[in-house]
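Subject: Handover of a structural model

Dear colleague,

Please find below the structure that I am passing on to you. My notes on what was found in it follow directly after.

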Amino acid sequence: GSVGLGMFAMVELGKSKIGDTMLEAFTKYSDSTDVEVETIDISGRSIWLVQNEFEIPTDALPIVVDLTSLSQFYFAITDGYFLFGTEPEGFASLFSAIDGNPIDDTLASSEVYTALMQRCENDSNAKAGLLLTNLADTFLQMDTSGMGMMILPMAKSLFGDIDGIAETINFSPSEDVLFSGKYAIQMDGGRDGLMGLVSSESPVGPIPSFVGENTISYSQNSIEFSNVVPLVKEIIASNPLLAMQMNPQMMQQIESGISMYFSTLGTETHVIFTGSEPYTGDSVGYMIAVECTDENTLSNVLGMTMPSLGATPNDFLGNQIFTVDFNSGMMMPIDLSFSIAVGGGYMFAGDQQAVENALRAIANPKDANSGHGLNAAASMLNHDVVSGWGYGNMSDSIKAQAAVMKELQGMSEEMLLQVEEFDPEMAAEMRADAEQGKALQSALLTTMANFFGPMAWSCNADDTGFTAEFLMLKPAM
């Protein structure tokens with residue numbers, strides 16, 4: 001089968017003269033081109049029908065999609081609206097509503113959409129929604145291979161059966177706030193999959209001492225790691241072909257292999273990104289810290305399994321740090337090593353410097369920095385009892401990202417030098433294109449870094465979904 005694509009957009013004009021300007025521009029455009037324009041009548045209104053040639057070879061798309069509707073567009077300026085779309089039925093439906101006739105099966109009558117809007121702020125400057133039940137049906141219709149029937153149940157088991165997603169945004173709601181908003185996820189059948197690993201609302205714990213003043217962003221979440229094994233078993237069972245290959249002994253081995261790690265973990269989880277100016281690949285770091293309820297067992301498990309993965313153990317302040325070097329055999333301009341350690345009631349995973357700093361802060365709490373970088377935005381959101389919350393400085397985050405990308409671009413220069421050996425002209429063209437791309441990227445990142453200020457967010461989970469709230473402050477001038 002195939003699925004057709006269509007669109008309908010409307011802009012309220014009110015008493016502005018934008019409509020007259022758009023009408024004049026459209027008239028000039030149609031007069032100066034060979035585009036065929038026809039005036040038709042829909043519900044007593046004059047509508048412009050623009051015909052154009054729009055052809056895409058069937059084999060150019062990975063899925064079967066009927067794009068014939070994009071060969072004609074409908075425009076109208078009427079009843080205080082500018083209307084644009086590909087389906088005349090959309091115009092007729094709107095005009096019917098304007099004329100006072102009821103419309104069946106509207107978006108507002110959808111129980112999923114209503115539930116999403118109840119989670120969000122209905123009175124907002126902008127809102128958007130995505131009903132995934134309809135999207136899943138569309139995906140199955142577009143799939144000609146039949147693989148979708150197997151992939152979709154597995155995807156639902158992995159991510160959970162999500163019915164819809166929505167967001168609402170308010171621009172400059174107060175003098176200090178640049179924008180604020182809410183996100184919502186609705187799961188009428190109950191939270192499951194990866195979404196089910198997030199704990200329901202719980203009291204927020206203190207920010208640990210290893211969260212230092214060089215923190216760029218920090219989040220604290222409550223994750224039910226004890227549910228990982230049941231989730232993996234459910235994912236395997238949802239795929240008949242995969243389940244048929246798993247005998248009870250293999251399933252037991254998988255369960256034991258996963259349990260020996262996750263059975264030692266609690267729920268308290270911290271995610272930290274750090275950086276110090278001037279930002280470089282070496283001064284930017286990351287780390288995940290998870291509450292560890294059985295340090296001895298996890299330490300023994302890591303001691304048995306990490307060396308087989310190529311990890312090198314290193315004693316540090318009475319703890320063992322296992323580091324896997326992914327740079328081996330690759331010419332990479334940045335450090336891709338990954339370290340993991342257990343100590344102070346936590347399992348730490350991240351870059352080696354961040355892990356060492358965390359162990360150092362735990363071993364010497366009096367010397368640990370008390371200023372953990374909490375920003376002004378965090379104090380403006382209620383995060384006393386939540387499933388997760390966090391804060392960050394977008395400006396610093398963008399600057400750190402730009403520094404890492406700049407070092408990665410050193411790889412392209414090495415490649416250009418190799419090209420230059422056998423084709424200098426091609427290398428010169430490639431270098432010119434690369435420099436232009438770097439300049440545009442640098443200008444964009446600099447603009448974004450100057451535009452965004454500190455931000456904070458919180459998330460609440462319940463039986464049927466999530467509600468997340470965020471806000472971003474205006475940058476300090």
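Among the elements of this predicted model, mean pLDDT is lowest for strand β5 (residues 65-66), at 52, and highest for β18, at 93. Over the protein chain the average pLDDT is 80, and 82% of the residues score at least 70.

The secondary structure amounts to twelve helices and 22 strands. The protein chain has 477 residues, of which 36% count as buried. Its accessible surface is about 26800 Å², with 57% belonging to carbon and sulfur atoms. Of the contacts with a separation of 6 or more, 65% are between residues 24 or more positions apart.

Strand pairing around β14

Strand β14 (residues 284-292) runs antiparallel to strand β13 (residues 265-275), and eight bridges join the two. Within this pairing, Thr-269 has Val-290 in β14 as its bridge partner. β14 also pairs with strand β18 (residues 346-350), again in the antiparallel sense, over five bridges. Here Met-287 is partnered by Gly-350 in β18.

The loop between β13 and β14 contains Pro-278. The peptide bond that joins Glu-277 to Pro-278 is cis, with omega at about -5°.

Nonpolar cores

Which residues touch the most other members of the largest nonpolar core? They are Leu-298, Leu-302, Met-306, Ile-340 and Met-347, in a core of 29 residues. At least two residues of this core come from each of α6 (228-238), β14, α9 (295-305), β16 (319-324), β17 (338-343), β18 and β21 (454-462). The most is given by α6, with four residues. Apart from this core lies another, of 27 residues, including Ile-272, Phe-316, Ile-321 and Leu-381. As general background, nonpolar side chains in soluble globular proteins tend to be buried together.

Leaving aside residues up to four places away in sequence, Leu-302 touches Tyr-261, Pro-307, Phe-322, Ile-340 and Val-342.

Phe-179 belongs to strand β10 (residues 177-186) and Phe-470 to strand β22 (residues 465-473), so that the pair links parts of the chain that lie 291 residues apart. Both Phe-179 and Phe-470 are buried. Elsewhere, one aromatic cluster is formed by Phe-8, Tyr-74, Phe-91 and Phe-95.

Strand β22 also holds Phe-466. Is Phe-466 buried or exposed? Phe-466 counts as buried because its relative accessibility is 7%, which is under the 20% cut-off. Not counting residues up to four places away in sequence, Phe-466 touches Arg-119, Tyr-183, Ala-184, Ile-185, Arg-191, Met-195, Val-198, Cys-459, Asn-460 and Ala-461. Phe-466 and Leu-116 are separated by 350 residues in sequence, while their C-alpha atoms are 9.6 Å apart in space.

Backbone geometry

Most residues other than glycine have a negative phi, and most peptide bonds are trans. Besides the cis bond between Glu-277 and Pro-278, two residues may be noted here. Asp-79, which is not a glycine, has a positive phi of about 55°. Asp-79 is located in the loop between β6 (72-78) and β7 (81-85). With a relative accessible area of 37%, Asp-79 is partly exposed, since that value falls between the 20% and 50% limits. Leu-317, also not a glycine, has a positive phi of about 55°. Its place is in the loop between β15 (312-316) and β16. Leu-317 is partly exposed as well, with a relative accessible area of 47%.

With kind regards

Definitions and conventions. Residues are numbered from 1 along each chain as its sequence is written. Side-chain values use heavy atoms; hydrogens and water are left out. Buried means under 20% relative accessible area, exposed over 50%, partly exposed in between (1.4 Å probe, protein chains only). Rings of Phe, Tyr and Trp (its six-membered ring) pair if their centres lie within 6.5 Å; planes under 30 degrees apart count as stacked, over 60 as edge-to-face and the rest as tilted. Two strands pair if DSSP finds at least two bridges between them. A nonpolar core is a set of buried Ala, Val, Leu, Ile, Met, Phe, Trp, Tyr and Cys residues joined through side-chain atoms within 4.5 Å. Contact means heavy atoms within 4.5 Å. Accessible areas come from the Shrake-Rupley method with a 1.4 Å probe; for residues, only the protein chains shown count as cover. pLDDT is the predictor's confidence in each residue, from 0 to 100.
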